[in-house]
Amino acid sequence: MPAFRQVGEKQLPNPVLFMAWSPKRDLIALANTSGELLLHRLANFQRVWSLQPNENTGKEITALAWRPDGKILAFSVGDTKQVVLCDAEKAEILHLFSVEYPVSCMHWMEVQDDSSTLSSFSESEDESSRFLPKLPTLPKSEEKSDEVTNLLGDVRLNILVVGGSFGFVELYAYGLYKIATLNGISGTCRSLGLSCDLKSLSVITEMRSTEGNPEIHYMQLDTGLLSSCLPELTKMARKFTHISTLLQYLRLSLTCMCEAWEDILMQMDLRLTKFVQEKNTSTQVQDEFLELLLWGHASPELQALLMNQLTVKGLKMLGQSIDSSYSSIQKLVISHLQSGSEALLYHLSEVKGMALWKQKFQPLGLDPAAIEDAIVAVGSFTLKASELLQVIDKSMKNFKAFFRWLYVAMLRMSEDHVPPELNKMTQKDLAFVADFLSEHFSANKELFDRKGKYFNVERVGQYLKDEDEDLMSPPNMEGNQWVTFVKQTTHLKDSTLLFPTYPQKSLHFVKKMMEATIDLCLQKPAEVIGLSIKQAVCLRLYTVPEGSENTPRLFELPSLWNDKTASMHYVVFCMPEVSPSKIYIMRRATDPSRSVPNGLVAVNINTPLNSSIDDETPAQHPVDSLYSCLDARFYDDETLTVVLRNLEDDENKMRILAQLPLNSALRWEEEFIWDITLGLEQQIEGIPVQALAWGNQSRELENIKAQFVAVNGIRKVACVLSANLRHVRVFEMDAEEEEEDEERADESQEMSLDQDRLEDTLNDQSDAGDGEHGGVGGSMDAQVTGQKSGDILDDTAGSETL
């Protein structure tokens with residue numbers, strides 16, 4: 001009976017560049033050359049959804065990483081230099097941030113700590129819910145607004161590590177807040193591994209040697225500050241991540257306000273602006289309306305335009321729609337902008353208190369002065385939002401008075417009955433109408449040049465414009481008693497206790513200024529922590545073989561693994577040009593100060609197929625065949641999953657998927673003395689060699705030229721990818737396949753191959769057509785096949801029992 005049960009196989013239309021198993025579910029993510037992100041289920045390799053490339057995020061996916069709880073998938077985009085966080089359930093973009101260099105590798109780990117300190121910090125974290133009301137959901141994006149605020153996930157700290165060219169490495173707490181920017185790393189990062197105890201970071205880099213050849217180096221960086229200040233780091237990271245999500249919430253709120261304002265502009269353009277532009281007389285529109293207001297009669301042209309173009313019914317609908325839009329903006333300011341600003345002030349005030357506790361938080365780089373500046377900036381934003389409320393209130397009164405007056409005037413023109421309640425106009429109503437006419441029907445040349453039309457609706461809209469220019473109609477503060485009192489009081493005029501108001505600036509301008517100040521406040525700890533991370537060791541491994549320049553970097557060895565139980569970093573690599581039949585395993589303690597015996601061992605894979613996996617010693621009988629390793633990934637702490645090639649196969653088609661038990665190799669007592677001045681190729685004779693027998697823990701892979709493998713030991717699954725990057729085969733690694741089932745599968749494989757290709761072609765064409773539409777934050781199309789994406793949890797729960 002062949003080992004490992006095959007559960008799915010697929011010919012894909014586009015070459016796969018990256019693949020990564022979900023840590024918690026039977027789901028695998030694939031990224032292909034067209035920039036498409038795919039999610040497939042283990043059973044029959046069924047596609048759950050696909051995320052099409054988009055101009056806002058980019059088309060060149062360069063790395064994948066799952067959050068440890070499997071709920072969020074991170075992917076990096078090279079052409080736009082962005083990292084994107086995607087909801088695994090809905091194929092929806094939750095958050096994205098820009099990086100300085102294109103990301104070439106990512107690693108997302110969860111901190112393992114059994115102490116009670118973190119639980120005490122998590123209990124204090126819950127206190128914020130006692131003092132702050134729950135933020136209301138945003139209109140038209142209710143689900144997304146909840147997800148943005150809930151991106152923190154579980155209380156346990158998790159860190160996303162990203163690396164790229166020119167030694168670029170950054171650490172992001174919860175995938176959102178940057179806690180460290182590393183310096184002093186040379187070359188391009190190929191692989192990353194942060195230990196779960198936060199004591200060190202393993203980095204595989206590629207750099208040019210003095211002869212110009214690309215070389216692979218291993219670096220271990222001491223991250224002891226993160227480990228020693230773990231409780232403080234967790235609390236700071238959660239606070240700053242709350243602040244980041246609140247900023248995102250305010251951006252979405254302001255976007256909704258701008259959409260409501262655009263509705264007003266659209267109504268104005270359809271009705272009033274067109275009416276004003278079609279006027280052909282030399283007199284001003286404002287003068288004709290004033291004449292109608294004062295004397296009660298209109299010129300024939302104005303009367304014709306009002307009755308034929310605007311109409312009584314159209315005026316009533318226009319008034320209702322504008323009133324509705326203004327009310328929407330007002331509600332957004334009160335319930336969203338002000339609530340979000342209050343939450344920001346609360347969290348920033350707590351961070352300031354942390355910064356003043358120098359004994360605990362000073363090593364992390366919290367700067368009380370920078371945090372105070374951020375608090376002042378949020379206060380200014382809150383004041384500007386309150387100012388906008390007053391402007392909206394005044395504009396609504398003017399609009400209502402104008403439409404009420406014009407509605408009565410048009411009823412009289414048409415000789416219709418005027419309701420008695422509308423027929424009365426007070427002096428205050430007349431003032432509102434006059435204010436409206438002076439503000440909105442202006443022939444001011446500056447307004448004409450700026451708007452291109454004689455109708456001006458700048459009063460509220462000027463606050464929502466994303467421009468650095470001053471307000472066209474700033475609020476009149478002459479009669480404000482508080483402003484007069486502050487100006488006349490010397491001590492209050494320059495007091496730091498009062499938030500600056502910026503009366504000449506828009507809400508967008510103050511928001512951008514607030515974001516810049518908070519970003520400055522958030523960047524300081526990342527710089528301080530980054531400077532504390534020092535290089536503990538740097539080892540030159542080997543020279544990159546020629547011909548591998550075009551191989552996808554994700555699939556290339558070395559691969560990294562972190563043994564949580566033993567607190568070890570493992571590095572697996574091969575040197576095919578020097579010793580094609582050996583796999584090298586290097587291990588280092590996560591604590592850089594702790595030495596590890598047996599730090600490097602070579603595993604000889606040329607053992608007979610019929611040998612037992614329990615053999616502890618090298619086989620004594622002749623070797624059946626010669627093999628080389630194409631790919632190797634850690635399945636768990638004691639098992640290595642490899643794809644082997646038969647060197648004696650003339651057609652170069654023979655491939656084997658095998659599990660290598662590493663117990664005996666890791667217990668090997670012979671020590672290797674590493675000369676760091678030399679490359680590993682020059683010291684290969686001194687590396688201890690251990691032969692491993694893989695026996696019945698192997699399977700020949702027929703009808704596929706396998707090259708790469710991705711595994712998940714927790715879910716006990718593996719996915720094999722062919723050399724042409726288009727053919728995948730999925731296995732359950734803890735089950736054996738009956739021979740009859742295998743024969744039936746082989747018979748049906750050829751019959752269904754043409755049908756699969758036809759379906760793939762049709763799906764690809766459909767996806768290409770649908771993928772033209774999309775946008776950031778959930779507007780990208782998610783192609784869901786078979787079932788709704790919301791059923792992922794239920795379906796995969798069933799597949800877990802396979």
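Leu192 of strand β14 (188-194) stands opposite Val203 in β15. The model is predicted, so local features are reported only at pLDDT of at least 70 and side-chain atom pairs only at pLDDT 80 or more, whereas totals for chains, interfaces and linings use all residues. Residues are numbered from 1 along each chain as its sequence is written, and side-chain values use heavy atoms, with hydrogens and water left out. Strands (E, at least two residues) and helices (H or I, at least four) are DSSP runs numbered from the N terminus. Two strands are taken to pair if DSSP finds at least two bridges between them.

β14 and β15 pair in the antiparallel sense over six bridges. The two strands form a hairpin with five residues between them, and Leu198 in this turn has a positive phi of about 65°. On the following side, β15 pairs with strand β16 (residues 214-222), again in the antiparallel sense, over nine bridges. Here Ser202 stands opposite Gln220 in β16. β15 and β16 likewise form a hairpin with five residues between them, and Gly212 in the turn has a positive phi of about 90°. Strand β15 (residues 200-208) is largely enclosed by the rest of the structure, because eight of its nine residues are buried (under 20% relative accessible area; exposed is over 50% and partly exposed in between, with a 1.4 Å probe and protein chains only).

A further antiparallel pairing joins β22 (627-636) to strand β23 (residues 639-646) over eight bridges. Ala632 stands opposite Val642 in β23, and the hairpin formed by β22 and β23 has two residues between the strands. Nine of the 10 residues of β22 are buried, so this strand too is largely enclosed by the rest of the structure.

β14 and β22 are also among the strands that each supply at least two residues of the lining of the largest pocket. A pocket was defined on a 1 Å grid over the protein atoms alone, as an open set of points with protein on both sides within 12 Å along at least five of seven lines; a cavity is a set where a 1.4 Å probe fits but cannot get out, and lining residues have an atom within 4 Å of a point. Grid points are joined across faces, edges and corners, and a volume is the space filled by probe spheres set on the points. The largest pocket holds about 1400 Å³ of space. Of the 49 residues that line the largest pocket, His107, Trp108, Leu560, Trp561 and Val711 are the closest to its centre. Strand β10 (103-110) gives the most to this lining, with six residues. Other strands that each supply at least two include β2 (16-21), β6 (61-66), β18 (559-563), β19 (568-575) and β27 (706-712). The lining divides into 29 nonpolar, 11 polar and nine charged residues, where Ala, Val, Leu, Ile, Met, Phe, Trp, Tyr, Cys and Pro count as nonpolar, Asp, Glu, Lys and Arg as charged, and the others, Gly among them, as polar.

The structure holds 10 aromatic pairs (rings of Phe, Tyr and Trp, the last by its six-membered ring, with centres within 6.5 Å; planes under 30 degrees apart count as stacked, over 60 as edge-to-face and the rest as tilted). Tyr177 and Phe240 form an edge-to-face pair, because their ring centres are 4.9 Å apart and their planes lie at 90°. This pair links distant parts of the chain, 63 residues apart: Tyr177 in strand β13 (residues 177-181) and Phe240 in helix α5 (residues 230-277). Both partners are buried, Tyr177 with a relative accessible area of 3% and Phe240 with 0%.

Tyr101, Phe166 and Phe168 form one aromatic cluster. Phe166 lies in the loop between β11 (158-164) and β12 (169-173) and is exposed, with a relative accessible area of 65%. Although not a glycine, Phe166 has a positive phi of about 60°. Elsewhere, the charged end of Lys505 sits over the ring of Phe509, 4.6 Å from its centre (NZ of Lys or CZ of Arg within 6 Å of the ring centre and within 35 degrees of the ring normal).

Two further loop residues are buried. Leu725, in the loop between β28 (717-722) and β29 (727-736), has a relative accessible area of 11% and a positive phi near 65°. Pro688, in the loop between α17 (663-666) and β25 (689-691), has a relative accessible area of 1%. Pro688 and Glu670 are 18 residues apart in sequence and 6.3 Å apart in space, C-alpha to C-alpha.
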